[in-house]
Amino acid sequence: MSEPADKPKASPAPAPGRPAPKHPGLVTVTVDGQEVAVPPGTNMITAAKTVGADIPYYCWHHRLSIAANCRMCLVEASTSPKLVPACQTALQEGMAIRTDTARVAESRRAVMEFLLLNHPVDCAICDQAGECKLEDYYQRLDARPSRLEGDKVLRDKRRVLGPLVVLDQERCVLCTRCVRFMEEVAKEPQLGVFARGSDEYIDVFPGHELSSNYSGNVVDLCPVGALLNRDFRFRARTWFLSTVASVCTGCSRGCSTYVDFLGQDTYRYRPRENDAINQSWMCDPGRLSYQPLNLERVSTPSVGRGEDRREVPTAEALARATVQLKAMAGTAELAVLVSPGCSNEDLLAGLTFAKDALGVRTLYVGGRPDGPADNLLMRADKNPNRKGLTWIAAALGLGLRPFGELVLAIEVGQVKALYALGAEVPVPAAQAAAALSKVEFAVLQAANVSALTAQAQVLLPAAAHVEDEGTFTQADGITQRFRRAYPPRGAAQSHWKWAVDIMREFGFPVTLGSARDVFRELAPKVPELAGFDWDKEAPPLKSTRGISPLPSAADGRPPGYREFGTPRVRGI
Amino acid sequence: MAQPTEIEIPPAAPEGEGELEAHLHTKRMLINMGPSHPAMHGTVRTRIELEGETIVRMDPEIGFLHRGFQKSCENVTWNQCLPYTDRLNYASPLMNNFGFLNAVEKLAGITIPERAQYIRLIGSELHRIHDHLTCVGAIGLELGGFAPFLYAIEGRELIMDRVTELTGARLTTSFGRVGGLNRDLPEGWVERVLKSLDKCHELIGEIETLLTANRIFVDRMKGVGVITADDALDFGFTGPCLRASGVPYDVRKAKPYWVYDRIEFDVPIGVNGDNFDRYLMRLEELRQSEAIVRQALRQISPGPVIVDDWRIALPPKPEVYGTIEGVIAHFKLVMEGVPVPAGEVYDSTEAANGELGWYLVSDGSGRPYKVHVRAPGFAIMSGLPRMVEGRMLADLIPTFDTINMIGGEVEQ
């Protein structure tokens, strides 16, 4: 093979033995003429990215073993006469790498042509369209017409692998990321590569199904549209969705997520890279925990129980709650129920209200009951903010008592009125509702309709976490910010806002106007939260510019959205 | 003056207050002309301070046709900007289309095929004829001659028909794409254009006969709305209005684009910088444009009309429907747009009213980061007060006509 003309002249001669490192403790290489010094063991793709050389790849993933089977990342290296796969080749001191030569470009083009040879003409009906690496790399690296003569190889187009995942074998590029993930990360090897050569295909092992709790991750890993989420399939075109960084509320692990939404509907959660908590993954129950954001929401305030229930304006509901709560404030007959599913801001404002206005000394803790746990991500405690609740209650000098004691207290007639921050309870809803029906007066702030909400005299619609900003503190004590995706549905307000509004009705001069205000004003009292910089810890706004019709995520609204008054643009 | 001291004489009334020697007070009158005035084309309002019938001060107010053109462009792909450019100078939309595309192509480093260059040149010159006919006809109309207007409109309609055959629209042409054109000349179009040009030639002759030596017309045009070459340059005049003042600047000659360097044509230069000269400039340019189109139609040879690169031009439809390669390229181009490398560019073409300049900034994505258009009419409009202050109110009408202010491009 002849030496390519554009090979760097200054490629270092292979010295006998190992050359001394130029930068002690680091490996120094040259990428496209630029010197890069990286720690030993760094992958070539990562090293190249630091100087802006974007090496394309399908099969490589920084958290999986290296397969080097897609051949997309081939580059020129001074250590080899042939092109080498960047994902697999170890960096050596003094190595010169070129990613921009004609030879590399031609290799990439050829690989793309092979990958598309049997790919079906599916973009129009494919969920991956818009976030597909085949599309991105074809346009960037190939952009030539097809030279295929004859027919494409046909395979199973809708192979249902498990409850959450369906496989289109025609679209698969056999990168084996999914196989490696199930084996190495989920440790449940349910997927395999079958047959050989051009007959190869991905499938579950015979008699099994992809039943792992982590099966949704293979959909994210799949660089093309082969593995699809059955929950999301055919529901939205990705380029219409806007994205904000958020936190999963499925359990106390608090995985970092992206929320993909359109209008006031959330379409899916995707894991967001976070080394400290969830790496690149999230579990299937967490992935599906977006559903209550859209379904059976309490959208308007209402008063009255049973037959007397009627929807009322916010002001009327507030006045009704205030009159009754004020009458009971300071007495032992008034109890406060808080949910560890509320954000720190909700709890800071709500607990301050409970202590200062309602005069309670102890709180009853609701929240979802415990569930299954595993060694990867899922935790038994299904509430995202129990740690935060513990911290804030301790800082305010409030005691915490389990929910069971509240039920007992109601039954013996010790508690006659209730103010509840969140309507999740650790017992079956019917059982809790039966207890609540014995309370004379209950103010309930709830996001979702349940048997419990039917027993409230004053029901206030609460915003879901994606509808406001805030923070959660997960089980290990890591506090994370989440961003607002869209304004609350209907007349819903955040828990903190309801608490502040009622407090104002009580006559307290409260001026807190946003979750940020609440945190900055009240968090300094909580030693564990005092050091948390609410502004600095905000995850960056992910730009949705490019493929969505109008940039919409800046204020969380879809294009043309005018229903909810002034846009919330930073600086206004 | 000695006065007898014994007689009491009332003190004289202060000057001007006595009943007999009272001055006739003339008060300056402030009037609005426009925005809805038949002579203020394109909804422009001017506040005029009058001393009798003389304009003392004039303050044009633009913005009634503001459409947020530049900002709108930032939200769409480069090709999707085209319909917005139609609405700039709506008397010659093809020139806006092609001018914009030219700037984008310069930024992206694309050279378009020769045939596309010829078609762009032909389309532009046809619309120059269209634009000038509108302007000349309107001057005649507003100075009381209805016949020249009808002749001009007849010629304009012929051009409009040819443009409709070419682009599918009378006004909202949205013709051309980054990298060339979206379609070739229709069958038999060249012959029809030649026939239309013959007719236009005749009509232009008629208009000239009716106007150029017409006493009423000349009296209201000559020496009216004068602007010197220095002033015109200071105000940023370009096009016929600048050349009427004697400055020989034409972008087609100064930095020939497309295939203008292969075409023989003259650029008329005026002397006085008055309305009459500006009228003559347009009349002569009508003839020159006709000659340009005829030459171009002789020179044009068959070939592709858009670059053969799926990163820029949409793939042919059979490829889109039948192959994954085609459908990906189509999807990417439609949804994300032509990826124009990050950078900035200024590029200009000679539009009917002067230098139509584009300052574009790309951040490397498929949508403009910034689009600024230097509309020739904007600079000329700013010079209007200088041209009419001190003149009679009636002189505003022909002056406003000859500068050919187009609301769409001035107010963007």
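Which residue stands opposite A:Val160 in β7(A)? The legends below give the answer, along with other views.

This is a predicted model, where local features need pLDDT of at least 70, side-chain atom pairs count only at pLDDT 80 or more, and totals for chains, interfaces and linings use all residues. Residues are numbered from 1 along each chain as its sequence is written, while chains are lettered from A and ligands numbered from 1 in the order in which they are written.

**View 1. A sheet of 3 strands in chain A.** The sheet is open, and its order is β6-β7-β10 with antiparallel pairing. Strands are DSSP runs of E with at least two residues, helices are runs of H or I with at least four, and both are numbered from the N terminus. Two strands pair if DSSP finds at least two bridges between them. β6 (159-160) and β10 (227-229) of chain A are the edge strands, each pairing on one side only. β6(A) joins β7 (residues 165-167) of chain A over 2 bridges, in the antiparallel sense. Here A:Val160 stands opposite A:Val166.

**View 2. Helices α2 and α3 of chain A pack together.** α2 covers residues 102-117 and α3 covers residues 133-142. Their axes lie 9 Å apart, at an angle of about 140°. Axes are lines fitted to C-alpha atoms, for helices over the stretch in contact, and angles run from 0 to 180 degrees between N-to-C directions. That angle makes α2(A) oblique to α3(A). Angles under 35 degrees count as roughly parallel, over 145 as roughly antiparallel, 65 to 115 as roughly perpendicular and the rest as oblique.

**View 3. The residues between α2(A) and α3(A).** A:Arg108, A:Met112 and A:Leu116 are among those from α2(A). From α3(A) come residues including A:Leu134, A:Tyr137 and A:Leu141. Two residues are in contact if their C-beta atoms, placed from the backbone, lie within 7 Å. This contact has 7 nonpolar, no polar and 4 charged residues. Ala, Val, Leu, Ile, Met, Phe, Trp, Tyr, Cys and Pro count as nonpolar, Asp, Glu, Lys and Arg as charged, and the others, Gly among them, as polar.

**View 4. Chain B meets chain A.** Chain B gives 17 residues to the contact, and chain A gives 19. On the chain B side, α12 (317-322) and α13 (324-335) each supply at least two residues. The largest share, 9 residues, comes from α13(B). The side of chain B that touches chain A has 7 nonpolar, 5 polar and 5 charged residues.
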